[in-house]
Amino acid sequence: MIRVVLPPHLRTLSRAGGEVQLEIVGPVTQRSVLDALEARYPMLRGTIRDHVSLQRRPFLRFFACAEDWSNEPQDAPYPAAIASGEEPLLIVGAIAGG
Amino acid sequence: MSKVRVLVGTRKGAFILAGDGARKNWEVSGPHFAGWEIYHMKGSSVDPNRIYASQTSGWFGQVIQRSDDGGKTWFQPGTPPGESTTGPGGMPKGESNKFVYDSSAETGKPLTTHLWYDGTQHPWEFKRVWHLEPSHTDPNTVYAGVEDAALFQSVDGGTTWHELAALRGHGTGPKWQPGAGGMCLHTVLIDKKNPNRIYIAISAAGAFRTDDGGKSWKPINRGLHSPYIPDPNAEVGHCVHHVALHPSRPNVLFMQKHWDVMRSDNAGDQWQEVSGNLPTDFGFVIDVHAHDPETIYVVPIKSDGEHYPLDGKLRVYRSKSGGNEWQELSKGLPEKNCYVNVLRDAMAVDNLDSCGVYFGTTGGQVYCSPDSGDSWTPVVRDLPAVLSVEVQTLP
C-alpha cells in the first residue's frame, strides 16, 4: 500500500481525505501511481496530467522523500520508502498566482 | 409571482443570487467550488433547473459541473457508457473534463497550429472553457467555447464533448492569434428560430457564423476596422470582446469590439459603427433589453491600457435607438474612486415585465437595475472578482 498526499483543491474535488492509500501492482512509478489514483478517483482525470499526452500539468510537481521527481521519466521507479508506504508521495501545486 | 436566479462566476468560486420579482430581497448561496475559477455558468431555457458550470484552474485544468436542481447540488456528468455512474466511495467519474481537439481526417482539415505573438505558428493547446451555451430545444445539448479557440458540443448533458472542427478548419484558423486574455472563444449565440445558425466570437480572430449547425463556417467581420492590426480591415484578426442579440431579431447583432461599438442588420455580413456619443467606446460587455430589441447597454471603459471607468465613475450607457445616441445611467452607481472593470460575460438581462439588468465587476460587486437601467443597487459588494453573470427568470 502506498500513500499519496493531494493538494487541497484536488482533495475537495475528489472528496478524498488528506492522504490517499493505493494498492499498486508492479513497479511503483509516476505512471502506475497516477493510473491507480485516477482509477479510484476518476474525477481527477485531466487535473494532474493531460488526458491524452499524460504529461504532468505545468503547475503541479511530485516530491518523493524530499526530492523533486517531477521531471523524472514516467516509468522511473520511486524510492523504496515510497513503494513500501513508509513515506508519502506528495503532489504539490506550485506556489504561483493567487 | 416570478423570481430570478442570478448565476455569478468569480475568480474563487460560484455564487447564486436568488431574488424576488421586485428584485429587492436576495438570498446568496456560495461559494460553490470554493477556490476555483468559475468562468461561466448558464441554465437551460428548456429546463431551468439544469445548469452547467465551467470550473477551471491554472493548476488543475478543466472540470465541467452540472446541476439538475437549480444549483442546490452539483456533479460531474462524465461517466463512460456502461459503467457505474460512480466510482468507489460513491464518487462521480471524470470523462466530462475531457476536451480533445479533433484532428481526424474525416473532418477534412485537421488543424494543428495558429499564429503566435511573434508571427510564428504555434500548436493549439486546450486551456479552459470560457462560455457554456445550452441549446434552446434540448437540455442535454450544450456548446462550449474554449481557449485555445474552438467550439465543442455535448449532446449527452455534458458527459462527453466533441469538437465542431469545421470552425478551426474552415481556412482562416492559421491566421488567428491570442489577444491579451488568451485566444478564447467567448461568445456563442444560437438563433432561437433556426438552431442551425450559430454565431461565435474569438479574441483576437473575430466573429464567425454557421448556417448548417457547425458543418461550415464563414468569417463575418466586414466593416470592422482595427487600426492596431497590420491590415485594419482584415477578414480575421479583430479583437471582438462580445456580441449580443435579441431572440426576436436574430439577424441584428450588436458588438463591443476592443474599441468601437458595432451593429449588423444582416447577420454579420456587414457591420457599422454605432459608438455615437459614448465618452469612450472601449469596453467588454454589451447586452440587449429583454423586451425592446433596439435598447442596448454597454459599460464604457477608459482604454485598452487602463481597464477602469472614466474619471473613477462607474457608468452604464443605454441606447434606445440601437446605437449612436447613448444615455448615461448613473443612479446608484459609484460617483468617485471606482476603478473596477466589467468583463465580457458579466452582464445579463432578465425577462420580467420591467426588464432587470445585471452586471458584475472585478471588484466583486454585482449590480441590479430592476427598471431597465434607470437605477442601480448592489446585490452583493464583496465577492471575488466577477468573471460572468447570467440570470434566469423563473415562474
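In helix H2 of chain A, residues 30-40, the buried positions are Gln30(A), Ser32(A), Val33(A), Leu34(A), Leu37(A) and Glu38(A). This is a predicted model. An α-helix has 3.6 residues a turn, so residues three or four places apart point the same way.

Next, the contact between the chains. Chain A contributes 21 residues and chain B contributes 19 residues. On the side of chain A that touches chain B, helix H1 (residues 8-14) of chain A gives the most, with four residues. That side of chain A divides into 10 nonpolar, seven polar and four charged residues.

Chain B is built from one helix and 29 strands. Its overall values are listed here.

| Property of chain B | Value |
|---|---|
| Radius of gyration | 20 Å |
| Span of the C-alpha trace along the principal axes | about 55 × 50 × 40 Å |
| Residues that count as buried | 53% of 395 residues |
| Share of contacts with a separation of 6 or more that join residues 24 or more positions apart | 50% |

How does the radius of gyration of chain B agree with that of a compact globule? For 395 residues, a compact globule would have a radius of gyration near 21 Å; chain B has 20 Å, which agrees.

One sheet of chain B is open and has three strands, in the order S4-S5-S6. The pairing is antiparallel. Strand S4 (37-43) and strand S6 (61-67) of chain B stand at the edges. Each has a single partner strand, so one side of each is left without a neighbour in the sheet. From one strand to the next, the twist averages 15°. Strand S5 (residues 51-57) of chain B pairs with S6(B) over seven bridges, in the antiparallel sense. Within this sheet, Ser54(B) stands opposite Ile64(B), a residue of S6(B).

Now the core. In soluble globular proteins, nonpolar side chains tend to be buried together. The largest nonpolar core here has 133 residues. Val8(B), Val243(B), Tyr358(B), Val366(B) and Val389(B) have the most contacts inside this core. Which residues does Val243(B) contact, leaving aside its neighbours within four places in sequence? They are Thr187(B), Leu189(B), Tyr199(B), Ala201(B), Ala207(B), Leu253(B), Phe254(B) and Met255(B).

Technical notes. Residues are numbered from 1 along each chain as its sequence is written. Chains are lettered from A and ligands numbered from 1 in the order in which they are written. This is a predicted model: local features need pLDDT of at least 70, side-chain atom pairs count only at pLDDT 80 or more; totals for chains, interfaces and linings use all residues. Two strands pair if DSSP finds at least two bridges between them. Helices (H or I, at least four residues) and strands (E, at least two) are DSSP runs, numbered from the N terminus. Axes are lines fitted to C-alpha atoms, for helices over the stretch in contact, and angles run from 0 to 180 degrees between N-to-C directions. A nonpolar core is a set of buried Ala, Val, Leu, Ile, Met, Phe, Trp, Tyr and Cys residues joined through C-beta atoms within 7 Å. A residue is buried if 20 or more other C-beta atoms lie within 10 Å of its own, exposed if 12 or fewer, and partly exposed in between; C-beta atoms are placed from the backbone. Two residues are in contact if their C-beta atoms, placed from the backbone, lie within 7 Å. Ala, Val, Leu, Ile, Met, Phe, Trp, Tyr, Cys and Pro count as nonpolar, Asp, Glu, Lys and Arg as charged, and the others, Gly among them, as polar. The radius of gyration is taken over C-alpha atoms; the globule rule is 2.2 Å times the number of residues to the power 0.38.
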